[in-house]
Amino acid sequence: MRSCVLLSPYALPTSPLTIVPAGSPKNIQVTYVSDTSARVSWDEIEPGLRNGQITMYQVRYQDKDNSIDLRADNTSETSIILEALTPGARYFIQVVAFTSAGAGPTSYRQSYNSIQTSESSTIPLSPPNTS
C-alpha cells in the first residue's frame, strides 16, 4: 500500500527562520568622555551574517585587575556610554549582538585605559585586521 502526504500552502512558514547572528560587531572604538566614563561604538554586523533582525547589543566589560567583576550594559544602538569606570584603570571590552533567537559570537576584545585628566581626548585604538 502506498501513502501520500499532501502539503498545504498554509503549513509553510510565512516568515524567515531567525537564528543567532553568525558574525560579531566590528571596528570597536572607545572614546574618552570623562575620567569615569567612555563611549564605546562599533559597526553593525554585515547584513548576510545577521540571520534576522538585531534586537539588542550587549557591551561586556571588566577591569583588568578585577577579573571576577564582569559588567554588561544593553542597548539597541551601535554606541553606548559606559559609566562608573575607575580612573586610571584598564578595561577589556567586548560587544555581542542578539536576535530573538539569542546571542551571536562575541567580538574581539578591545582594551581601554581610563584617563585621569579633565581634558577631553580621543583614545585611538586600532582593531586587529579580521578581514
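A residue is called buried when its relative accessible area is under 20%, exposed when that area is over 50%, and partly exposed in between. By this rule Y91 counts as buried, because its relative accessibility is 2%. The model under discussion is predicted.

## Overall organisation

The chain has 131 residues, and buried residues make up 31% of them. Its accessible surface comes to about 8500 Å², with 49% belonging to carbon and sulfur atoms. When contacts between residues at least 6 apart in sequence are considered, 61% join residues at least 24 apart.

## The largest nonpolar core

In soluble globular proteins, nonpolar side chains tend to be buried together. In this chain the largest nonpolar core holds 21 residues, and V40, W42, V59, L82 and I93 touch the most other members. At least two core residues are supplied by each of the strands β1 (26–34), β2 (37–43), β3 (56–63), β5 (79–82) and β6 (90–99). Strand β6 gives the most, with four residues.

With neighbours within four places in sequence left aside, V59 is in contact with W42, R71, A72, D73, I80, L82, I93, Q94 and V95.

## Aromatic rings

A pair of aromatic rings is described by the distance of the centres and the angle of the planes. The count for this model comes to two aromatic pairs. How are the rings of Y61 and Y91 arranged, and how far apart are their centres? The centres are 6.5 Å apart and the planes stand at 55°, so the pair is tilted. This pair links distant parts of the chain, with Y61 in strand β3 and Y91 in strand β6, 30 residues apart. Y61 counts as buried because its relative accessibility is 3%, and Y91, at 2%, is likewise counted as buried.

A charged side chain is also placed against a ring: R109 lies over the face of F92, at 3.8 Å from the ring centre.

## Polar residues in strands

Q110 is in strand β8, which spans residues 110–113. With a relative accessible area of 7%, Q110 is buried. The side chain of Q110 reaches the backbone oxygen of I28 at 3.0 Å.

Q58 is placed in strand β3. Its relative accessibility is 14%, so Q58 counts as buried. The side chains of Q58 and N74 are joined by a polar contact of 3.1 Å. Apart from neighbours within four places in sequence, Q58 is in contact with A72, D73, N74, Q94, V95, V96 and F98.

S41 belongs to strand β2. Is S41 buried or partly exposed? At 23% relative accessibility, S41 counts as partly exposed. The C-alpha atoms of S41 and Q29 are separated by 5.3 Å, although these residues are 12 residues apart along the chain. Leaving out neighbours within four places in sequence, S41 is in contact with N27, I28, Q29, T78 and S79.

N51 is found in the loop between α1 (47–50) and β3, and A84 in the loop between β5 and β6. N51 is partly exposed, since its relative accessible area is 23%. A84, by contrast, is exposed, with a relative accessible area of 58%.

## Accessibility of selected residues

The table collects the relative accessible areas of residues discussed above.

| Residue | Relative accessible area | Class |
|---|---|---|
| Y61 | 3% | buried |
| Y91 | 2% | buried |
| Q110 | 7% | buried |
| Q58 | 14% | buried |
| S41 | 23% | partly exposed |
| N51 | 23% | partly exposed |
| A84 | 58% | exposed |

Key
Residues are numbered from 1 along each chain as its sequence is written. This is a predicted model: local features need pLDDT of at least 70, side-chain atom pairs count only at pLDDT 80 or more; totals for chains, interfaces and linings use all residues. Side-chain values use heavy atoms; hydrogens and water are left out. A nonpolar core is a set of buried Ala, Val, Leu, Ile, Met, Phe, Trp, Tyr and Cys residues joined through side-chain atoms within 4.5 Å. Buried means under 20% relative accessible area, exposed over 50%, partly exposed in between (1.4 Å probe, protein chains only). Contact means heavy atoms within 4.5 Å. Rings of Phe, Tyr and Trp (its six-membered ring) pair if their centres lie within 6.5 Å; planes under 30 degrees apart count as stacked, over 60 as edge-to-face and the rest as tilted. A charge sits over a ring if NZ of Lys or CZ of Arg is within 6 Å of the ring centre and within 35 degrees of the ring normal. Accessible areas come from the Shrake-Rupley method with a 1.4 Å probe; for residues, only the protein chains shown count as cover. A polar contact is a pair of N or O atoms within 3.5 Å; within protein, one must be able to donate a hydrogen and the other to accept it, and residues adjacent in sequence count only if both atoms are side-chain atoms.
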